[in-house]
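Subject: Handover of a structure, with notes on what was found

Dear colleague,

I am writing to hand over the structure shown below. Please look through it first; my notes on what was found follow after it.

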Amino acid sequence: MTPSIDAILFRLSTLLVALLSICLLTTTAGTNICVFLLLLLTPWAWKNHQWSEHEYEFVKPLFAFIILFCLFDLVRNIIAGYSFSDSFNATRHVRKFFFIILLWTIFAIPKISRSCLISLGASVLTLSIANLIWTLYLNHDEYMLYSMPNMHGQIIVGIILLTLYAIFYKRMNLFFLTLTVSILFCSLFYASTRRTGYIILFCGFIFLCFLIFYDNKELKYRRELIFLGLLILFTLSFFVSFSSKFQFRMTAMINEYYQFINLNAEDRSQDRKSTRLN
């Protein structure tokens with residue numbers, strides 16, 4: 001029996017999403033190609049998507065926030081004195097937010113999103129182990145793959161927080177999940193120099209603790225859970241303080257902050273940190 005067009009497009013979407021998850025950590029060119037091909041499939045996904053009431057109520061404020069944020073970025077640059085064409089061209093830096101809207105209906109399909117998550121998790125774990133061996137055991141200062149994009153640290157943080165959430169709520173395969181978190185954590189701080197990932201993990205861990213706290217109001221030992229979370233955070237902070245890469249990146253961040261603060265208004269306007277148009 002010949003498969004239908006919908007079945008073929010579904011399998012193609014699943015394959016592209018799996019490839020995208022692998023390319024995110026290995027090659028920017030591969031990521032761009034996969035995203036482009038997925039964008040070609042969005043008309044099919046939007047045509048066949050059936051919005052549930054709960055999903056529709058959730059995405060309305062999210063989509064509105066994305067649109068308003070992009071408009072704010074456009075208007076802010078125009079007010080700063082740049083032409084409309086230059087300001088509009090600069091919105092390419094926030095194009096990832098538009099991808100959330102365009103690709104929403106593809107990743108809203110459970111089987112496709114599950115395939116993406118499994119592929120991404122396996123890629124992150126494999127490369128984290130390889131980077132730990134490459135940097136710690138073989139004593140290399142650089143990443144094993146020079147083509148790794150700068151989202152490496154943020155992706156690791158996302159997988160860590162998601163795994164911690166699964167440990168608390170699912171309580172399945174605890175040994176494997178705990179081992180996964182440990183490997184990713186060590187890779188982030190001992191085999192990575194992505195300081196944005198450090199900050200996101202710190203803020204995300206605190207947010208996760210409070211999320212668990214408020215989602216489990218029936219628990220008797222809620223204060224003890226918060227104390228335990230803060231104790232774990234303090235212990236991990238002490239552990240990562242011995243990382244030379246962490247020390248170097250944090251020192252560089254503090255120095256860059258004070259250098260920027262000491263600049264006058266004119267010099268700040270010419271600094272790439274102050275505007276995305278320069």
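A term is needed before the first finding: a patch is made of residues that have over 30% relative accessible area and no salt bridge, and its nonpolar side chains are joined when they lie within 5 Å. Please also keep in mind that this is a predicted model.

Leu12, Leu15, Leu19 and Ile22 together make a nonpolar surface patch of about 320 Å². One of these residues, isoleucine 22, is placed in helix H1, which covers residues 5-23. Isoleucine 22 has a relative accessibility of 40% and therefore counts as partly exposed, because that class lies between the limits of 20% and 50%.

**The chain as a whole**

The protein chain contains 13 helices and zero strands. Its pattern along the sequence accordingly reads α-α-α-α-α-α-α-α-α-α-α-α-α. The chain has 278 residues, of which 36% count as buried.

**How helices pack against each other**

Two packed helices are described by the angle between their axes and the distance between the axes.

H1 and H7 pack at an angle of about 25°, and their axes are 8 Å apart. H1 is therefore roughly parallel to H7, since angles under 35 degrees are classed in that way. The crossing of these two helices, H1 and H7, is right-handed.

H7 also packs with H8: their axes come within 10 Å and cross at roughly 115°. That angle makes H7 roughly perpendicular to H8. The crossing in which H7 passes H8 is left-handed.

How are H8 and H9 oriented to each other? Helix H8 spans residues 152-169 and helix H9 spans residues 174-190; they pack at an angle of about 155°, with 10 Å between their axes. Angles over 145 degrees count as roughly antiparallel, so H8 and H9 are roughly antiparallel to each other. H8 passes H9 in a left-handed crossing.

**Salt bridges**

Side chains of opposite charge can pair when their charged atoms come close. How many salt bridges does a search of the whole structure find? The search finds two.

One of them joins glutamate 57 and lysine 60, whose closest N and O atoms are 3.6 Å apart. Both residues, glutamate 57 and lysine 60, lie in helix H3 (residues 53-79), and their separation of three residues is about one turn of the helix. Glutamate 57 has a relative accessible area of 45% and is therefore partly exposed. Lysine 60 likewise counts as partly exposed, at 38% relative accessibility.

Aspartate 73 forms a salt bridge with arginine 76, and here the closest N and O atoms are 3.6 Å apart. Aspartate 73 and arginine 76 are both in helix H3, three residues apart, or about one turn of the helix. Is aspartate 73 buried or exposed? Its relative accessible area is 2%, so aspartate 73 is buried, the limit for that class being under 20%. Arginine 76, with a relative accessible area of 32%, is partly exposed.

**Residues apart in sequence and their spacing in the model**

Isoleucine 118 and alanine 18 are separated by 100 residues in sequence and by 8.2 Å in space, C-alpha to C-alpha. Isoleucine 118 is placed in helix H7. At 57% relative accessibility, isoleucine 118 counts as exposed.

Threonine 126 and leucine 184 are 58 residues apart in sequence, and their C-alpha atoms are 9.8 Å apart in space. Threonine 126 is found in helix H7, which runs over residues 110-137. With a relative accessible area of 53%, threonine 126 is exposed.

Phenylalanine 97 and phenylalanine 69 lie 28 residues apart in sequence and 9.0 Å apart in space, C-alpha to C-alpha. Phenylalanine 97 belongs to helix H5 (residues 95-102). Phenylalanine 97 counts as partly exposed, at 31% relative accessibility.

With kind regards

Note on methods: Residues numbered from 1 in each chain as written. Predicted model: local features only at pLDDT ≥ 70, side-chain atom pairs only at ≥ 80, totals over all residues. Heavy atoms only, no water. Patch = residues over 30% accessible without salt bridge, like charges linked within 9 Å, V, L, I, M, F, W, Y side chains within 5 Å. Areas by Shrake-Rupley, 256 points an atom, 1.4 Å probe, with all protein chains shown as cover. Salt bridge = Lys/Arg side-chain N within 4 Å of Asp/Glu carboxyl O. Helix = DSSP H or I, 4+ residues; strand = E, 2+ residues; numbered from the N terminus. Buried < 20%, exposed > 50% of the residue type's maximum accessible area, 1.4 Å probe, protein only. Axes fitted to C-alpha atoms, helices over the stretch in contact; angles between N-to-C directions. Parallel < 35°, antiparallel > 145°, perpendicular 65-115°, else oblique. Left-handed = near helix turned anticlockwise from the far one by under 90°.
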